[in-house]
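This briefing is written for a reader who has the sequence and the coordinates at hand.

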Amino acid sequence: GAYSDYDNNPSNSEMYGRLYNWYAVDDDRGVCSEGWHVPSDDEYTVLTDYLGGESVAGGKMKETGLDHWNYYSDEITEEATNESGFTGLPAGYRGTSNGFYNYMGSSGYFWSSSEYSSGNAWHRELSYTYSSVYREGTSKHYGFSVRCIEGAVDCANVAGGSAVVDN
């Protein structure tokens, strides 16, 4: 696995965190501290369902205010409530060709620990143009943000999910 600082500038990582390819997420050494893990696709689904569904959950997962987000409209700004406590930041991403960086201030991309296919994994996107959460399978070579959560989430009611006990 690999990680980078947006625009190869460590001061960007101090605010937004590093950008990791999915192989770092899947690495046995782990990107999260002991007892913590990168959420699975099912765990992200539990969160977005709890927040009212993908169509509104994005606003509830974004940092409030205009310190880091360049929102598209006043309506989108007002819908950024962070009521989930997720405090999603628009760290942008690192692309797969030539290592270009894009969308800092406009979008945040967060890996899940779940594969979509042999070359792709699930992620969630928060954008400055809408208050929904976008779910997509993307090449594992992209550099996205990583969010670590503690314990486990009961995914029994998620299609294809299983029940787990949170210790």
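Does S13 count as buried or exposed, and what is its relative accessibility? In this predicted model, S13 has a relative accessibility of 14% and therefore counts as buried, the cut-off for that class being under 20%. The residue belongs to helix α1, which covers residues 10–16, and, when residues up to four places away in sequence are left aside, S13 touches S4, D5, Y6 and R18.

**The sheet**

- Strands β6, β7 and β8 form an open sheet in that order, and the pairing is antiparallel.
- Because β6 and β8 stand at the edges with a single partner strand each, one side of each of these two strands is left without a neighbour in the sheet.
- Neighbouring strands of this sheet are turned against each other by 35° on average, with direction ignored.
- Strands of a sheet pair through backbone hydrogen bonds, and the arrangement can be parallel or antiparallel.
- Strand β6, residues 107–117, pairs with β7 in the antiparallel sense over seven bridges, and the two strands form a hairpin with two residues between them.
- Within this pairing, F110 stands opposite R124 of β7, while E115 stands opposite A121 of β7.
- Strand β7 itself, residues 120–127, has seven of its eight residues buried, so the strand is largely enclosed by the rest of the structure.

**Helix α3 and its surroundings**

- Helix α3 lies across β6, β7 and β8, and the helix runs at about 130° to β6.
- The buried residues of α3 are D41, D42, E43, Y44, T45 and T48, and these pack against β3 (36–37), α4, β6, β7, β8 and β9 (149–150).
- V46 also has its place in helix α3, but with a relative accessible area of 25% V46 is partly exposed.
- The C-alpha atoms of V46 and A2 are separated by 28 Å, the two residues being 44 residues apart along the chain.
- After α3 comes G52, a residue whose phi is positive, near 110°.

**Helix α4**

- In helix α4, which covers residues 54–61, the residues A57, G58, G59 and M61 are buried.
- The cover over these buried residues of α4 includes α3 (41–50), α5 (74–79) and β7, so that β7, a strand with seven of its eight residues buried, is among the elements named here.

**Salt bridges**

- Side chains of opposite charge can pair when their charged atoms come close.
- Five salt bridges are found when the whole structure is searched.
- R124 forms one of these with D41, and the closest N and O atoms of the pair are 2.6 Å apart.
- This pair links distant parts of the chain, since R124 sits in strand β7 and D41 in helix α3, 83 residues apart.
- Both R124 and D41 are buried.
- R135 likewise forms a salt bridge with D41, in which the closest N and O atoms are 2.8 Å apart.
- Distant parts of the chain are linked here too, with R135 in strand β8 and D41 in helix α3, 94 residues apart.
- R135, at a relative accessible area of 33%, is partly exposed, whereas D41 has a relative accessible area of 7% and is therefore buried.
- Through salt bridges that share partners, D41, R124 and R135 are joined into one network.
- A further salt bridge brings together the side chains of D27 and R29, at 2.7 Å from N to O, and R29 counts as exposed because its relative accessibility is 71%, the cut-off for that class being over 50%.

Conventions:
Residues numbered from 1 in each chain as written. Predicted model: local features only at pLDDT ≥ 70, side-chain atom pairs only at ≥ 80, totals over all residues. Heavy atoms only, no water. Buried < 20%, exposed > 50% of the residue type's maximum accessible area, 1.4 Å probe, protein only. Helix = DSSP H or I, 4+ residues; strand = E, 2+ residues; numbered from the N terminus. Pairing = 2+ DSSP bridges. Contact = heavy atoms within 4.5 Å. Salt bridge = Lys/Arg side-chain N within 4 Å of Asp/Glu carboxyl O. Axes fitted to C-alpha atoms, helices over the stretch in contact; angles between N-to-C directions.
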